[in-house]
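Have the viewer open while you read.

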Amino acid sequence: MAINWKAALHGSAKDRVALAIIRAAESQGRLVPGHNDVIFEGTSGSTGISFAVLCNALGYVAHICLPDDTSPEKLGLLRALGAELEPVKPASIVDPNQYTNAARRGAEKINGDEGDSRRAIFADQFENDFNWRIHYETTGVEILDQMGGDKVDVFINGSGTGGTIAGVGKRLKERDASTKIILADPQGSGLANRVNFGVMYDSVEKEGTRRRHQVDTLVEGIGLNRLTWNFKQAEPYIDEAIRVTDEQALKMAKFICVNDGLFWGSSAAINCVAAVKTAFKYGPGQKIVIIACDSGARHLSKFWKEATALPNDLTLDDVLK
Ligand SMILES: Cc1ncc(COP(=O)(O)O)c(C=O)c1O
């Protein structure tokens, strides 16, 4: 079946990444469509959903390893799409049961089993070079096209794998070196300190203060406490990072829902907080681009459960303080 990334859109910037990884593995002979070969991925949900859709269309099996506190909406979507699910406890990357390590092990097991005729790949979105490249080839170009020749003054995005901010950042800086690339980073992530101070550390790392093993935030899909290949590709292009608290993100999600009719997911809300701070900092007339990574519908019973409870009459001052 002929699929391109435009046809594969399911409301997430991850569709194009998943398709690029599959096409690369096919061209290397590591996957053959229509043979129930298995694609293993460790993901906080979005990339898994993209793989699940594409696997159905192309005759593969999606095996998704993910934190067991992933939002029920994403788990439900993955089940509905027929993906094999392996929920694991949120854990640091050094833990062999962390979701990325579980996915790698699953693929190795199938490939090492002589009695199993299927092929398997570990998609490895964090370290896979095709991730940032597809954003360089497509997302960055689309942003420039949509700006109709106008300069992008600032591009703001969070980093999960780092693929989007790397690919788009490189494309935009190549077009105009004065475009600012800003990382929007949730609480609990070490990436902002890495960008602003060269040190990967967040205060929740202090003994006894960590509530959750992974990045300590309600926000899904962004924030990390390790350096990945894709984030390293982004680092030369990132000018600064803005930290956003869960409270600010929740209030912003509610604010733009009530005032602008935008029902956005948690990482999109983080981007929006950073965009408003940037707009105040640089003043009127700036063209600031952000990505609305996904919809609030994927976050209804976690992030949006808390956002729903907030009052409708929040002001922008309330959001930013
Ligand atoms: C909802 C959401 N937003 C943002 C991102 C970050 O994108 P990237 O992995 O390209 O940094 C992700 C990544 O999983 C995501 O799921």
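**Helices, sheets, domains and a ligand**

Helix H9 (residues 246-260) and helix H10 (residues 266-282) pack with their axes 8 Å apart, at an angle of about 90 degrees. Before going on: this is a predicted model, where local features need pLDDT of at least 70 and side-chain atom pairs count only at pLDDT 80 or more, while totals for chains, interfaces and linings use all residues. Residues are numbered from 1 along each chain as its sequence is written.

Q: Are H9 and H10 roughly parallel or roughly perpendicular to each other?
A: Helices (H or I, at least four residues) and strands (E, at least two) are DSSP runs, numbered from the N terminus. Axes are lines fitted to C-alpha atoms, for helices over the stretch in contact, and angles run from 0 to 180 degrees between N-to-C directions. Under 35 degrees counts as roughly parallel, over 145 as roughly antiparallel, 65 to 115 as roughly perpendicular and the rest as oblique. The angle is about 90 degrees, so H9 and H10 are roughly perpendicular.

Q: How many residues of the contact of H9 with H10 are nonpolar?
A: Contact means C-beta atoms, placed from the backbone, within 7 Å; Gln248, Ala249, Met252, Ala253 and Ile256 in H9 meet Ser266, Ala269, Ile270, Cys272 and Val273 in H10. Ala, Val, Leu, Ile, Met, Phe, Trp, Tyr, Cys and Pro count as nonpolar, Asp, Glu, Lys and Arg as charged, and the others, Gly among them, as polar. That leaves no charged residues, two polar and, for nonpolar, eight.

Q: Which residue in S7 stands opposite leucine 183?
A: Five bridges join S6 (residues 180-186) to S7, and the two run parallel. Opposite leucine 183 you'll find alanine 241.

Q: Which residue is the bridge partner of valine 38 in S4?
A: S1 (residues 37-42) runs parallel to S4, joined by three bridges. In S4, valine 38 has as its partner alanine 120.

Q: How far apart are the C-alpha centres of domain 1 and domain 2?
A: The bounds, from an automatic or database domain assignment, are 13-122 for domain 1 and 132-320 for domain 2. Across the interface, 16 residues of domain 1 are in contact with 20 of domain 2. The C-alpha centres lie apart by 25 Å.

Q: How many charged residues are in the shell around the ligand?
A: The ligand is surrounded by 16 residues (C-beta atom, placed from the backbone, within 6 Å), with Ser46, Gly160, Thr164, Gly221 and Cys293 the closest. Each domain gives at least three residues to the shell; H2 (46-58) and H6 each supply at least two. By class there are 13 polar, two nonpolar and, for charged, one.

Methods:
Two strands pair if DSSP finds at least two bridges between them. Two residues are in contact if their C-beta atoms, placed from the backbone, lie within 7 Å.
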